[in-house]
Amino acid sequence: MINKKHSKGFTSKFGFLMATVGSAVGLGNLWSFPYKVGEGGGAAFVFIYIIMVCLVGIIAMIGEFVIGKRSQVNVIDTYGGISK
C-alpha cells in the first residue's frame, strides 16, 4: 500500500509561479477578448460569451468541489480512482 502524504500548499516556488501565470493568462482572456470584440461592434457576441463563460465556469467549479469533497485526496489520486 502506498503511504500518501497530504500537503497544505505548493511544494515548490516554481509550482506556485506556474499557477500564478496560468491564472493571469486566463484572466487576460476573460478581460481582453470581449473588449476587443466589443470595439468592433460585436456586443451581442460578447453578451453570449460572458453568459457561457459563467455557466461553464460555475458548472466546472461545482463539479470540482463535489469530486474533491467526496474523495478527500489530491487531484491526481482522485481522477486515478475515478478512471478505474
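The model is a predicted one.

The protein contains 3 helices and 0 strands, and reading along the sequence gives the pattern α-α-α. Of its 84 residues, 6% count as buried. The exposed surface comes to about 7,500 Å², with carbon and sulfur atoms supplying 72% of it.

Two packed helices are described by the angle between their axes and the distance between the axes. Here, helix α1 spans residues 13–39 and helix α2 spans residues 43–71; their axes come within 9 Å and cross at roughly 160 degrees. Angles over 145 degrees count as roughly antiparallel, and α1 and α2 are therefore roughly antiparallel to each other. Their crossing is right-handed. On the α1 side, the contact is made by N29, L30, F33, P34, V37 and G38, which meet F45, V46, Y49 and V53 of α2.

Most residues other than glycine have a negative phi. Q72, although not a glycine, has a positive phi of about 60 degrees. Is Q72 buried or exposed? With a relative accessible area of 55%, Q72 is exposed, since the cut-off for that class is over 50%.

Definitions and conventions: Residues numbered from 1 in each chain as written. Predicted model: local features only at pLDDT ≥ 70, side-chain atom pairs only at ≥ 80, totals over all residues. Heavy atoms only, no water. Axes fitted to C-alpha atoms, helices over the stretch in contact; angles between N-to-C directions. Helix = DSSP H or I, 4+ residues; strand = E, 2+ residues; numbered from the N terminus. Parallel < 35°, antiparallel > 145°, perpendicular 65-115°, else oblique. Left-handed = near helix turned anticlockwise from the far one by under 90°. Contact = heavy atoms within 4.5 Å. Buried < 20%, exposed > 50% of the residue type's maximum accessible area, 1.4 Å probe, protein only. Areas by Shrake-Rupley, 256 points an atom, 1.4 Å probe, with all protein chains shown as cover.
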